[in-house]
Amino acid sequence: MTQFYFKKGEKVVSNLFQQELPDYVEQFLYSLEAKGRQPSTIKRYRYDLADFLQWMRITKKERSFKCFQSLTDEEVAQYFHVLTIDRQYSYRTLKRVLTVLNQLYLYYRQLGKLRYNPLSSLSVDVEKFGPLKEEDFISEKEQARLLFILSSAEGLTEHQLKARHFLVDRNICIVLFFLHYGLTLKELVTIKMKDIHFERNEIEISSISSVSRIIKLTEEDKKQAYKYYQTIPKAVRPRYHSHDPFFVAFDFQRNTFRYNYEVEQPKALTEIAIQKMIREEVSRAGLRKGISAQHMRRTAVLNELLSGQSQEHIQEKFGFKTPLSLKRYAEFAAEIKEAAKQ
C-alpha cells in the first residue's frame, strides 16, 4: 500500500491532482463551478479533498460516501493531527483545509444527506491557533509580583482589609491552579467537592470545552487548597463528597461566604467574579493591563514544553481535544530554545 500521503514534495501534489475523485466529491466541485468560483479556487479544493480522501483510503480502507457519512469527531481529529504534527502545517493552511471540508459537509447537509458534521467540534482561528508572542504569557517576575500582592495588604482600603483574611488563601489557590495546572476559568468554577481528593492530592476535572482528566496536586498546592477550605466558616463550608462548589462566592456587605438557602449549599464563585479579582490584583501589583487566567494557562502549557514533556503528554494533561491548539505552543517553545543557543 502506498504511503505517499504522509510525505511532502512534488510527487505528492502530482499524485493528488491525478486522482479520480468519487462522484459525491465531483458533484460538490461542480456545484462550486456553477456558482462561478474561480478555477484556481476549485483546483485548491480538489487538492485538499483528494488529500483527505487519500487519508480515508489509508485509515478506513475506503472513501465511499457511506464511509464519509460515518466519520466521527475523533477520526476527523486524527486527520488534523497528521496535518499539525506530521506535516507541520501553518494555522492558515489548517484553516483553509477546515473550510474546504466544512463546505463539503455543508453541501450534503443542505441536500439532506448528512445529519451531523464531525468538524463542528474543531475550530481553527487566529485567536486559538495564531502565532504566540511573549506578551501572551506571564513572566516569572510578573508571577512572583502577583503572588506577593495576593498575600499583601499593600494598596487596600480599610473596608477591603476587613474581609481580606477570608480571601487571601482562596485567591492564592485560584492563581496557583491557573499557573501550575493550566485550568480554564470554566473548569475552575465547576470543581465540586466530590471532585476533590485531598488524601490522594488529586482533583477530577470535568470539562465540556476540553477533555475531562485528573490533575495531581503538589503537596504544597494541596496544603494551600485545604488551607483555603478551612477558612470557610463551618456553617457555610462545602461538604465533603458532595455537589457543593469548592470555590465559594463572597458577600462583601456581610463579610462572609455566600450560601444559597434555596438549594442548601454554598453559592459558587463565578467566572466574572474571578476575572474581576484578577484584574484588581494585577492593577494593585502594578503589572501590565490585560493579564488574565488565559495568560496563566498558556504559561503552564509552555513550561511543560520547555521542561521536555512530549506533546502527547501535554495534550492529555491540559485537556486539549486536538493537537491543533498545541502546535503554536511548540513553535513558540522552539523559538525560545533557539534564542537560548545564540
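This text walks through a predicted model of one protein chain, from its overall build down to single residues.

Local features are described where pLDDT is at least 70, side-chain atom pairs count only at pLDDT 80 or more, and totals for chains, interfaces and linings use all residues. Residues are numbered from 1 along each chain as its sequence is written, and side-chain values use heavy atoms, with hydrogens and water left out.

Start with confidence. pLDDT is the predictor's confidence in each residue, on a scale from 0 to 100. The chain has a mean pLDDT of 88, and 91% of its residues reach 70 or more. Residues 1-14 stay under 50. Contact means heavy atoms within 4.5 Å. For residues 1-14 the model has 24 contacts beyond four places in sequence. Where pLDDT is low, the predicted coordinates should not be read in detail.

Now the whole chain. Its C-alpha atoms fill a box of roughly 75 × 55 × 40 Å, taken along the principal axes. The secondary structure comes to 15 helices and 7 strands. These are DSSP runs, numbered from the N terminus: helices are H or I with at least four residues, strands are E with at least two. Of the 342 residues, 49% count as buried. Buried means under 20% relative accessible area, exposed means over 50%, and partly exposed lies in between (1.4 Å probe, protein chains only). Among contacts with a separation of 6 or more, 62% join residues 24 or more positions apart.

Next, look at helix H9, residues 158-181. How far apart are its end C-alpha atoms? They are 34 Å apart. The expected span is 1.5 Å times one less than the number of residues. For the 24 residues of H9 that gives 34 Å, which agrees. Still, H9 bends by about 65° at Arg 164. The bend is the angle between axes fitted to the seven residues ending there and the seven starting there. H9 is mostly covered, with 17 of its 24 residues buried. After H9 comes Gly 182, with a positive phi near 60°.

H9 also leads us to the inside. A nonpolar core is a set of buried Ala, Val, Leu, Ile, Met, Phe, Trp, Tyr and Cys residues joined through side-chain atoms within 4.5 Å. The largest one has 50 residues, and Phe 177, Phe 178, Phe 246 and Phe 247 have the most contacts inside it. Elements that each supply at least two residues include H8, H9 and helix H12 (271-284). H9 gives the most, with 13 residues. Beyond four places in sequence, Phe 178 touches residues including Leu 188, Ile 278 and Met 296. Apart from this core lies another, of 37 residues, among them Tyr 24 and Phe 80.

Glu 142 lies in helix H8 (residues 140-150). Is Glu 142 buried or exposed? Glu 142 has a relative accessible area of 13%, so it counts as buried. Its side chain makes a polar contact with the side chain of Arg 288 (2.6 Å). The side chain of Glu 142 also reaches the backbone nitrogen of Ser 139 at 2.9 Å. A polar contact is a pair of N or O atoms within 3.5 Å; within protein, one must be able to donate a hydrogen and the other to accept it, and residues adjacent in sequence count only if both atoms are side-chain atoms.

Finish with the backbone. Most residues other than glycine have a negative phi. Lys 61 has a positive phi of about 70°. Lys 61 sits in the loop between helix H3 (39-60) and helix H4 (65-70), and is exposed at 62% relative accessibility.
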